[in-house]
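Please look over the structure below. The report that follows takes up helices, aromatic rings and charged side chains in turn.

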Amino acid sequence: MKILFFFCDMLRPDKVENGAVYKIFSRLGGTWYTSAYTPAPETPRAMACFYTGLYPAENGCTKCGQWPYYFMDAEKNNIFKFLASEGYKNYYYASPYSFSPKEGIVPFGFDRYAEIVFDYKTLIDKAGNDRNDDLCVYAGFDDYHDAVDIYSCGSVVSHDEADAVGQEHLFRCMDMLLDAVGNDFFDKIVIFSDHGCMLKGDHVRNGDRFAYVSPIRTNITLFIHNRGDKQVDKVQNICSLLDIFPTVAQWHGKKVDTDGVPLLDLSFRRELVVEDIYHYRGVDNFIYSTYDIWAYISDRFYYTETLEGKQKLMVKNDSVWSEEVIVGEGGG
């Protein structure tokens, strides 16, 4: 089996359908999980969740900024270690800048079961010329994240144009690889993000901690193409970044011990938790971190609460979190 992962840092799913990335979805066909969430809406902990299929409390990356290389439990199984044990050749494209392994994006000992490539064209050549029947190619892109950062102009909330710029870059990167190897080269293609971002059009107040643990930040892009898919089908069942690893294991007839479930087993009612997360006062006033907020997500409700007892409840109507109810403080 040949598997391709496209990781798009910070890509918001609610912006995809009218953006450049959807051209890739349409080109491939597949299943778009529109109600997918991260249990940790910032890159270091989210990536540890992707690797292990475990909540932060179980994988070792329990606090904001704890990168997998330094904090993830190296004894835990992970998706690339699993694939290597199944006889896969793993290629991992990492930007030599923000995605450099020196920054801690990969788990400790990663080079024992995956080859890290820093040049994207080299990755494409290696993938296209590899003769292994079992091949996994991972390409991580920070273009969308960079666009948001560049357009933010010193604010934690970026201009809406950042979305269009970032998606166009992502489209070109994905299109380049697919043009080189062909749509049918890979048996499975997974396109995913780790968390969302805030844009001017969201009208978020600077310093609003609830914005950091909300659908804006925790709803992720998750799309899976199987060879032979022709059209885009949307699935609205609640699912998680934690579910990718057990899904890959299920493709191989195996079961792994994770907090996630295979995506083909989403027929039952699902409940998710978002673990504590930092919030910003604002870049202009220096960044500070707290660990005082969590969320509970079901198919209809999105509930957040701080340690001080401040609570917010959002209600889902017609697949959109369109109604907000402030619950109050304490036991209100």
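## Helix α2

The model is predicted. In helix α2, the buried residues are T43, P44, R45, A46, M47, A48, C49, F50, Y51 and T52. The helix spans residues 43-52. With 10 of its 10 residues buried, α2 is largely enclosed by the rest of the structure.

F50 has a relative accessible area of 0%, so F50 is buried. Y51 also counts as buried, at 0% relative accessibility.

## Aromatic pairs

How many aromatic pairs does the structure hold? There are 32. One of them joins F50 and Y51: the ring centres are 5.6 Å apart and the planes stand at 50 degrees, so this pair is tilted. Tilted pairs fall between the cut-offs of 30 degrees for stacked and 60 for edge-to-face.

Y120 and F141 form an edge-to-face pair. Their centres lie 5.4 Å apart, with 85 degrees between the planes. Y120 belongs to helix α6 (residues 120-129) and F141 to strand β6 (residues 135-141), so the pair ties together parts that are 21 residues apart in sequence. Both Y120 and F141 are buried.

## A ring cluster

Which residues do ring pairs link into a cluster? The members are F5, F7, F50, Y51, F80, Y92, F110, Y113, Y138 and F192. F50 and Y51 bring α2 into this picture, as both are among its buried residues.

## Charges over rings

The charged end of K2 sits over the ring of F185, at 5.6 Å from the ring centre. The charged end of K23 sits over the ring of F171, at 4.1 Å from the ring centre.

## Packing of α6 and α8

Helix α6 packs with helix α8 (residues 161-181). The angle is about 30 degrees, and the axes are 10 Å apart. Angles under 35 degrees count as roughly parallel, so α6 is roughly parallel to α8. The crossing of α6 past α8 is right-handed.

Where do the two helices meet? On the α6 side, the contacts come from Y120, L123, I124 and G128. On the α8 side, they come from C173, M174, M176, L177, A180 and V181.

Methods: Residues numbered from 1 in each chain as written. Predicted model: local features only at pLDDT ≥ 70, side-chain atom pairs only at ≥ 80, totals over all residues. Heavy atoms only, no water. Phe/Tyr/Trp six-rings, centres within 6.5 Å; stacked < 30°, edge-to-face > 60°. Buried < 20%, exposed > 50% of the residue type's maximum accessible area, 1.4 Å probe, protein only. Helix = DSSP H or I, 4+ residues; strand = E, 2+ residues; numbered from the N terminus. Lys NZ or Arg CZ within 6 Å of the ring centre and 35° of its normal. Axes fitted to C-alpha atoms, helices over the stretch in contact; angles between N-to-C directions. Parallel < 35°, antiparallel > 145°, perpendicular 65-115°, else oblique. Left-handed = near helix turned anticlockwise from the far one by under 90°. Contact = heavy atoms within 4.5 Å.
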